[in-house]
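Keep the sequence and the 3D view open as you work.

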Amino acid sequence: MDWTALLRLPTTILLILAVIALFFTLVQIVILRHRLDHRRQWAAAGRTVLVLIGIAVTLVLTGLGLTLRGYRLLSEETPVVDIDARILSPQRWELILHWPDGSIRQVPVAGDAWRVEAVVLKWKLPAVLSGLPPLYRLDRVSGRYDDPNEEAHAPRTVTDFREAGAFDLLDLHKQYPRWVPDVDVLFGSGAYLPLVDQGHYTVSLMRTGALVARPDEATEQRIAQPF
């Protein structure tokens, strides 16, 4: 059993217990109806208490199960892009981007770090709990200088990933928000990491809508000791 299955296990158990509690409640309702039909008031009062307890337990177990499921979903990540870096000259780099579908693109970057930005459409809580992931569109890759003065005056590189004239769901929501219901927020998210030669990085999207960038172990060591 993998870790994701282990995360799902508490939710499954709670929801199964909730179904059992619901079945118990329904049985008590049938018995209560029988007691009332035979005018057994004291026995009916006892069954009423059991029905109320059963309803309360069912609601609590269901609520806990959905809450745990929500937190599990928010902790999951969707791969966005893998990045390999190669130095061409001081503060001049070539990035090779590998998308999950297997496509590859090479882009130039100037600076000391790379930055990836995306546009994220995040759903409201009921849709998130039902398992609907946020939508995203990779917007651009750019370079970033460590020195603010260089950031203001040095050559900049930005690669735009939007297709000219393209119209998608994110644009539809911005222009006609009522056409796309249950949208919580539409926002930008970004992540950046220092550049090192032969560096390898992964970028993923959390269900909260935040981009997360991570170097592999060898790249992390080179970042810690760049010289």
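This is a predicted model: local features need pLDDT of at least 70, side-chain atom pairs count only at pLDDT 80 or more; totals for chains, interfaces and linings use all residues.

**Exercise 1.** Classify the ring pair of W99 and F161, and work out which parts of the chain the pair ties together.

*Solution.* Start with the geometry: the ring centres are 5.5 Å apart and the planes stand at 80°. Planes over 60 degrees apart count as edge-to-face, so this pair is edge-to-face. Next, find the two residues: W99 belongs to the loop between β2 and β3, and F161 to the loop between β6 and α5. The pair therefore ties together parts that are 62 residues apart in sequence.

**Exercise 2.** Are W99 and F161 buried or exposed, or something in between?

*Solution.* Buried means under 20% relative accessible area. F161 has 15%, so F161 is buried. W99 has 22%, so W99 is partly exposed.

**Exercise 3.** Classify the ring pair of W114 and Y201, then describe the strand pairing around β8.

*Solution.* Here the centres are 5.3 Å apart with the planes at 75°, so this pair is edge-to-face. W114 sits in strand β4 and Y201 in strand β8, 87 residues apart. Both residues are buried. Now follow β8: seven bridges join β8 to β1, and the two run antiparallel. Y201 is the bridge partner of I83. Strand β9 also pairs with β8 in the antiparallel sense, over five bridges, with S204 opposite V212. Finally, β8 and β9 form a hairpin with four residues between them, and G209 in the turn has a positive phi of about 95°.

Note on methods
Residues are numbered from 1 along each chain as its sequence is written. Side-chain values use heavy atoms; hydrogens and water are left out. Rings of Phe, Tyr and Trp (its six-membered ring) pair if their centres lie within 6.5 Å; planes under 30 degrees apart count as stacked, over 60 as edge-to-face and the rest as tilted. Buried means under 20% relative accessible area, exposed over 50%, partly exposed in between (1.4 Å probe, protein chains only). Two strands pair if DSSP finds at least two bridges between them.
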